[in-house]
Amino acid sequence: MSHQLFKVQSLLNLSFLALFLFSCIAGTAKSSDSHSGKHSRSDVKQGERYYKGLLPKASPNPSCVSCHYYKPADTINWNPASIEIAELYLNKSSEDLEEVLLSPFGKVMSVAHANIDVPQDQIQYVKAYMDNLAENGLPKDKPSFLKLLLFLLIGGVMTWALLDLIFFHKVKFKAIPILIILLALGYQLNMAYEAAVKLGRSDTYQPDQPIKFSHKVHAGDNKIDCMYCHHTADESKSANIPSTSLCMNCHIVVREGARSGKFEIKKLVEAYEEGRSIEWVRIHQLPDHVFFAHAQHVGAGKLDCAQCHGAVEEMHILKQENDLSMGWCLNCHRETKVDFEDNEYYQMFDEFHKELSEGTRDSIMASDIGANECSKCHY
Amino acid sequence: MSEENKYWHILDEFEPVEDARTKETLDVPVDASSRRNFLKLLGLGTASAELIASCKRPVEKAIPYFIKPEEISPGKAAYYASSYFNQNEFSSVLVKVRDNRPIKLEPNPKSVINPSGTSGKVQASVLDVYNVNRFNHPTKSGEKIDWATADQEIVTQLRELANQGDNIILVTPTIISPSTQKLIAEFCTEFNAEWQVYDAIAMDGYREANRRVYGNAVLPEYHFDKAECIVSIGCDFLGTWLSPVEFSAQYAKRRDLRKGTHDLNRHYQVEAGMSLTGSNADIRIRADKNEYGRVVTYIYNHLAAKNGLPFIESKPPTAELAENLSGLLSDLVENKGKALVVCGDNNPEYQVIVNGINQMLKSNGTTITWNNNYNHFQGTEKSIDTILKENIGAIVLWDVNPVYNHPSADKVKAAIEKAKLSVTLSSLPDETSDLCDYVLPSPSFMESWDDAEYKKGVVSVLQPTLHKLFDVRQAQETLLSWLGNDTVWREYIKNNWLANYYLLQTTTLDKDRFWVNVVRSGEFVYDVKSTLLTYNFDEVKKALVTVSKEKVVDGFVIELVENINIGTGHGALNPWLQECPDPVTRIAWDNYASIAPSIARQMGIKNGDVIKVGALTIPAFVQPGQADHTVSVAVGYGRTIGIPKELVTGVNAYPLSLIQNGFRLNSVVGVSIEKTGEFEKLPLVQGHQSQEGRPLAREATLKEWKHDHHAGNEMHEVAEHHATSLYPGHEYKGHKWAMAIDLSKCTGCSACVLACNTENNIPVVGKKEVLAVHEMAWIRIDRYYSGEEDNPEVVRQPVMCQHCDNAPCENVCPVAATNHSSEGLNQMAYNRCIGTRYCNNNCPYKVRRFNWLDYTGADSIPNNRYDPANLTVDLSRMRHNPDVTVRAKGVIEKCSFCVQRIQEKKLNAKLEGRQLYDGELQSACQQACSLNAIVFGDVNNPESEVAQMMKDPRNYHLLEEIHTLPSVGYLTKIRNIS
C-alpha cells in the first residue's frame, strides 16, 4: 500500500515539475520573440521609455501611461488603453497620431490634452512602440506558481518522510514521519478539495469588455431601468443582451461621455454603421445541464434583479456577485416566499390554502412547492 | 382472465438457434479498462491543474442581435404556420423555431386537413433539413460553378435545342402547388418543353377507374368516420395509403368508447401481407395478393344478386376464403349507405369493380364525396414512356429518382445519359442526379416559399423558417431565372394568390392584409361546387369480364409494400426513420421478405435465412398472418447514393414492380423461393417479449364490454383490492401528472416515437447497436399476437416510463440520481447519474435506456464517440431541442413526461396569473398522435380528461399486481367482433 502511495505521489510530483518547467520555457520562448520587423529595436525601446515616462530628465508633460494604461484595471480607467490606441493607429501614419494628440477633438480630450506638447521625433518613437504593441499584443501575465510551489514543497516533505520511514530511519520516533505524512496529505487533499469546489464557478469574475460600458453610468447615474435594455427578463429564459440598434436609441444623440469622451461611444457607432453586433464577454453562465428561466424569477417571482446580480448600478465594470452554485440557488428557494394570494395560478394548491387560512402555516416557501426538485432545473 | 394464455409472440421455432449477440455486434471500439484508468488520471489531473491557479476559465462571448426581430427572443420559441409536402405526404404544420433554427414540426390546430397529429415522417423531417449530404452549391459535371454561368449556359442550350426542334422534358413528382404549376406552364410555353409527372408509387389506376366509371379522373374524398362497416382489400389506409393521417383521425372517431357512440365501426381487412391497417382490423381475412381480383368480383356479384342487378358469372375464390367472406358480405348488405369499400391495388380493373360495389352500397355522397378531391398522386407511366420513347434533347429532373425506383431503371439511365443536356434541381444527391450534367440544388422545404393545394378547396402556404444554409436556390427561382423573369418567387406566389384566391373571399378587402393573414394562419379554404356523377355501368361490366378471365399462375406472388417510415425511399436517408422499427414486424434498419409460417416450416426457413425470391436475394422473416403464397417485401431500401455508408441497408425491390397496360402494379406473380444457405441477422427490436401469461395488453369484445364495462379488465379490481405497501405514499399537493393511453385507438403508427425522438434529442445508435439491443427510443410500441398462427389477432401497447408512485428504480439508485417529484414525476438527473444501471435492472417495464457509447458527442472524451449516422457534426446538431440536455456516455435516460413542456406551460400560466387549463399541456407524443390515443394531464384536476380516463372501468396499469402504482393508465382494447 505504502509503495503504491509513494509511486503515485512521485508520479504526481514529477508531472507537476514537468508542467512547471514547460510553462517557464514556453514563457521565455514567447518573450524573446516579441520584436517586429517594421521598426528598429532601438526605436521601439525609445518609444516605450517615452510612453512610460522613463526619461533622463523631468518632462513638462505627464507620461502617456499615467492616463492610457495597458488595459483597463479593476477600477475603471475611462481613457483608451494603450493597446486600443495602438490597434486603431496600426495602419495609420505617425502624422495622424500627432494630429489627434496635439489637436484633440471632443470636450473630454480637449481638457486632458490641453497643455501637451510632444516633439515630433518622440511621436515617431511612440508610434514605433505602439505598432510593435499592436502586432505582438500585450506582454503576457506571468502565471503565479505560488500555490503549485507550496503543493510541491509539501509533496517533497511528504516524500522525504516516506523515504525516512521505509529506508533511512533517521528520525528516532516513527510517529513523527507518520504525523508529517498525514498532515501533509491532509493539507494537499484540502487544497485539491477547495480547487475542485471552485471548478466551473466564477464569482467575482470581472472581465474586460470590448467597450468600457459602465452599468453605473447607465443604471445608476442615469437611472435607466434594467428592463429597458434587458427587456425579455420577465418573459423569456434569457434576459436579452441589448442589440446594437437598441443602444442607438439613445446614442444616436449621445455621442460623447462625460468621462470617457468620444473614444468608447465611437466603437458603438462604428459597429452600428458597419451593421455589426458587439461581441461582449459573457459573465453569468450556468452549465448546459441547468435550465434557468429569468421569466420564472423576474416575471412570476417578481424578484429584484439585484438579488442575484448585486448592486449593478454601482458597478463601472460588471462583476459576477454570486457564485451561482446549486447550493446558493437552493438556499434562496428555501427562504423565498411564494406569492400565493395574488397569483391565480397557485389557487390549485388547495391544501396549502387551507393550512394558510387555518393558520397552521404562515407562508409558503418556493421549496415547499417543489422548487428544489431535480427536474425543476435539470431535464 | 380467459385471454391471458392465448397471447403468444414471435414464433420461437423460427428464431435462429445462435445467440443474437454474436461477437461482431459486440465489438465496440473501446477498451474498458484503459478508459477507467484514463478517467482516474483525468480526474486527478483536472483537480490538480486547477490548483495551479493559472488555469483560467475560457472567455465566452455573448453576441446579441444587431437589430433584434420583434417576434424572436433568445430563449423563447416562435411558431410559424407552414406545410410539409414530400413524396405525396402532406401535413399542415406549425414550425417551432428556437433562435432561428427550426427544431420541431407540430400539427396546425387550425388546419382543416390534420388539426391534430402528424405522421412520423413529418416529425422526422427536421433531420432532413440538417442533412450533411445535401448539395451545397451548383455543379457542372462535378465541378463547382456559379449560378449566373450555369443559368447562361443552360438557357443558351435550351434555346438552341428548342430551335432545332429537339425535345425538352421537365420531369417532376406530383406538384400540388398552384403557383408552381402556373410557373411550369410558363416555362413549357417559353421553351416548348413537355412537363411529365412521375411518382414512385402510382395511383393512376384509381384515377383511370374513376374516369371510366364516373367520367371524372380524380381521387375523391373518403370518410372513414361515416362508415359503419369498412371493407379494405389490401389497402393500408391507416399507414401508407392516400392520406393516412387524415384517415387515422377519422377512424379513431369511430373507435372512441368514451366520447363517441357506443357502436364502433366494424373493420374488415382482406389482405395478403400483414399491414398496419390489417393488424388493427376487427376481422382480418387472409387472401393471396393474386386473389384480390376474385375477391372484389365475388363481393360485387353477391351484392348485385342481393340488389337484383346483373352480374357476370366468374370463378369464386377458394371455398375457405368464400366462407370467411360471408360475414363481411352480410355486414355490407346490412350497412348500405353507411359502408365503404376500398382496395389498395393500382389495377384499374379492380378499382372499376370497387366503384361498382360502392355505387351499389350508395357510398357516394356519404362515405365518398367528390368535392374536395385530392390533388396528389398525379404521376403516370406516361412520364417514363416519354423519356424512353424519344431521343431527348434536354431533360430537367426535379426531385424524381426513376433510376432508383422504376423497374426499367437501366433504360431510363441510358436515356438520361444520352440526352444532350441533363439538369437536376433536387436538393439531395440520388441515383438520378448522379447522372446529370448540371446540378442546380434547391433548399429544403423549411428554407423555401411555396403553396400547396393538397385537397381541392384547401390551399396552404409554405414559408421559410430558416435562412438558406447553403448556396442553393429554389427550383422555382431557377425556372424564373431561365425565363428571364426577375420577380421574386415569393411575390410571384403572392400575385398568383391575389389574382385567384383573393377573389374567392369577402372577409378581407385589403390585399396585403389578406396575404399576411393567409401566411399567418397557413391555410385558406374556399367552397368547391359539387360535381354531378354519371355512373357508367358498362365499364363495370367490362371490368368484371376482364377480371374473371384473369389466369391463375402457379408459384408465389411478391407483393411490394411501403414501410410506414421509409415510404418510397426518401425515409431511407433519415436515420430517425430507419431506426424506428416497423410497427408490424418490429424490425429496424432493414427490409426482408415476409413469408407465411406454413411455408417456412415446409422449406425449413428461419428468420434471417437469406432466400432467393424472384430476382431478389433477401433475408426471410416469418410473419404470422401472411397469406401462404404471397411474399411481402418493402420498397424504399437499398439506396446507395446520397446516403452515408452506414445507412446503406436492405435490397431495392422496385425493379420487381410490373407495368401492365400502362399501369404500375406492385406485385409480380409466378416466382419461386429458394434457400441460399446464407444467414443475415435481422435487427429485430422485440426479440423475446412474450406476455408470459400476464395480462399486459388487455382486451375484450364490444359485446362483452356492453354487457360489463369491466370486461377483460377484471384483474384491475383484484389488484387494487390486494394492493398494500410498507412505504408511506407520496403526497401531491399541487399537480399530479399522468397519462392515459386508449389501446382501442392506438394503431401503432409510430408518430409518437418519432415526435419523442425530435423533442427529446434521442440519439441514433445504428444497425449494429440495434442488433446489440442498445436502441434508445423512449417509447416502444409492443406488439403481441394471439389466436391462430395463420391469422392472429394483434394488439399494440406503447410503453414509456410509467412514472410509478412506488418506483422500483428510485430505491436502488446509489446516488439518488433518479427520485420522485412532488408532481408525480420520476425525475432523472443526468449529471448525477454514474451509470450503475441498477435502476434499469430493477425496472419491471424495461423502459430505461443506457448510453453505452457516446452517441451524441456530448462526452468530453473524443475517442468514445460512436456516430454511424453522422449526427454529431455541427450541421446536424442544429436539430437539437435546446431545452433538453444532450446526454453523454454512461448515463441512463428515459421518458421525462416532457418535463420541459410542463415547466414551460406552468410558467406561462404563472406569468399570465391564471390556472393551467386542461389540454393546454401536451406531451410531444400526444401532440403527434392523430388518433388522440394518448392523453396527458393533471389527475389532481378532477375535470381533466386524463382524470376521467383514469376512472374509466377500462383503465388498468401495466403489471399493477406488483403495486408499482404507475402514472400511466391503459384502457382495454375493444374489438368489434361478433
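Two strands pair if DSSP finds at least two bridges between them. Helices (H or I, at least four residues) and strands (E, at least two) are DSSP runs, numbered from the N terminus. The model is predicted: local features need pLDDT of at least 70, side-chain atom pairs count only at pLDDT 80 or more, and totals for chains, interfaces and linings use all residues. Residues are numbered from 1 along each chain as its sequence is written, and chains are lettered from A and ligands numbered from 1 in the order in which they are written.

**View 1. An antiparallel sheet in chain B.** Three strands of chain B form an open sheet in the order 3-4-5, with antiparallel pairing. Strand 3 (77–86) and strand 5 (101–107) are the edge strands, and each pairs on one side only. Neighbouring strands are turned by 35 degrees against each other on average, direction ignored. Such angles run from 0 to 180 degrees between N-to-C directions, and axes are lines fitted to C-alpha atoms, for helices over the stretch in contact. Ten bridges link strand 3 to strand 4 (residues 89–98) of chain B. Ser83(B) stands opposite Ser92(B) in strand 4 of chain B. Helix 3 (residues 120–129) of chain B lies across strand 3, strand 4 and strand 5, at about 170 degrees to strand 5.

**View 2. A parallel sheet in chain B.** Here four strands of chain B form an open sheet in the order 13-12-11-14, and the pairing is parallel. Strand 13 (283–286) and strand 14 (339–343) of chain B have a single partner strand each, so one side of each is left without a neighbour in the sheet. The twist averages 10 degrees from one strand to the next. Strand 11 (residues 229–233) and strand 12 (residues 266–271) of chain B are joined by five bridges. One bridge pairs Ile233(B) with Val270(B). Helix 9 (residues 292–307) of chain B packs on the sheet and touches strand 11, strand 12 and strand 14.

**View 3. Where chain A meets chain B.** In this view, 56 residues of chain A are in contact with 46 residues of chain B (C-beta atoms, placed from the backbone, within 7 Å). Helix 8 of chain A gives the most to its side, with five residues. That side has 25 nonpolar, 20 polar and eleven charged residues. Ala, Val, Leu, Ile, Met, Phe, Trp, Tyr, Cys and Pro count as nonpolar, Asp, Glu, Lys and Arg as charged, and the others, Gly among them, as polar. Strands also cross the boundary: two bridges join strand 1 of chain A to strand 2 (residues 61–62) of chain B, which run antiparallel. Trp280(A) has Ala62(B) as its bridge partner.

**View 4. Around Asn826(B).** This residue, Asn826(B), lies in strand 36 (residues 826–828) of chain B. Asn826(B) counts as buried because it has 26 C-beta neighbours inside 10 Å. The cut-off for buried is 20 or more other C-beta atoms within 10 Å; exposed means 12 or fewer, and partly exposed is in between. Contacts of Asn826(B) include Cys801(B), His803(B) and Cys804(B). Asp590(B) is 236 residues from Asn826(B) in sequence and 35 Å away in space, C-alpha to C-alpha.

**View 5. Chain A on its own.** Chain A has 17 helices and one strand. Buried residues make up 21% of its 379 residues.

Notes:
Two residues are in contact if their C-beta atoms, placed from the backbone, lie within 7 Å. Lists of a residue's contacts leave out its neighbours within four places in sequence.
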